[in-house]
Amino acid sequence: MLTGKQKRYLRSLAHHLDPIFQIGKGGTNEQLVRHINEAIEKRELIKVSVLNNCLDDKHEMAEELAEKAKAELVQVIGNTIILYKESKDHKQIELP
C-alpha cells in the first residue's frame, strides 16, 4: 500500500509519461492484462488511456486492472489511469 507522499511522488513522475495502452469499447481482457504486466515490469510506472467510446466505469476498470496486474493504483485523472508496481529486475524508481 502506498502512502500519500509516495503517490504524490509517483504522480509527479507520471506527469511527463505518455499513455502506452488504450482501452476502448471492448473493455479489459486477459490479453490486455498480460501486456500491462509485461510493460509494468520493465517500466514500473505506466499510464493507460480510456477512450471515450468505452462504456465501462473508468474507476472500476482501474481497480480491476490494478488487482489483476497486482499493481498499485496511483491515480485516475480524467480518462487516464496511472499504475505502479515495483520491478524485480529493472528497478529504477526509489520511493520516498
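A residue is called buried when its relative accessible area is under 20%, and exposed when that area is over 50%. In this predicted model, E44 has a relative accessible area of 0% and is therefore buried. E44 is found in the loop between α2 and β2, and its phi is positive, at about 75 degrees, although E44 is not a glycine.

K70 also lies in a loop, the one between α3 and β3 (72-77). Its phi is positive as well, at about 55 degrees, and K70 is not a glycine. Here the relative accessibility is 67%, so K70 counts as exposed.

**Nonpolar core**

The largest nonpolar core comprises 19 residues, and I36, L65 and L83 are those with the most contacts inside it. At least two residues of this core come from each of β1 (21-23), α2 (30-43), β2 (45-50), α3 and β4 (80-84). Helix α2 gives the most, with five residues.

Strand β4 also contains T80, which is buried because its relative accessible area is 18%, under the 20% limit. T80 and S49 stand 31 residues apart in sequence, yet their C-alpha atoms are 4.6 Å apart in space.

**Salt bridges**

| Acidic residue | Basic residue | N to O distance |
| E30 | K68 | 3.6 Å |
| E64 | K68 | 3.0 Å |
| E86 | K91 | 3.8 Å |

In the salt bridge between E30 and K68, E30 belongs to helix α2 and K68 to helix α3, so this pair ties together parts that are 38 residues apart in sequence. E64 and K68 are four residues apart in helix α3, which means that about one helical turn separates them. Salt bridges with shared partners join E30, E64 and K68 into one network.

In the salt bridge between K91 and E86, K91 is partly exposed with a relative accessibility of 37%, and E86 is partly exposed with 47%.

**Charge on the surface**

A patch of negative charge on the surface gathers D56, D57, E60, E63 and E67. One of these residues, E60, is placed in helix α3 (residues 58-68). The relative accessible area of E60 is 58%, and E60 is therefore exposed.

Technical notes:
Residues numbered from 1 in each chain as written. Predicted model: local features only at pLDDT ≥ 70, side-chain atom pairs only at ≥ 80, totals over all residues. Heavy atoms only, no water. Patch = residues over 30% accessible without salt bridge, like charges linked within 9 Å, V, L, I, M, F, W, Y side chains within 5 Å. Areas by Shrake-Rupley, 256 points an atom, 1.4 Å probe, with all protein chains shown as cover. Salt bridge = Lys/Arg side-chain N within 4 Å of Asp/Glu carboxyl O. Lys, Arg positive; Asp, Glu negative; His and termini not counted. Charge placed at Lys NZ, Arg CZ, Asp CG, Glu CD. Buried < 20%, exposed > 50% of the residue type's maximum accessible area, 1.4 Å probe, protein only. Core = buried A, V, L, I, M, F, W, Y, C linked by side-chain atoms within 4.5 Å.
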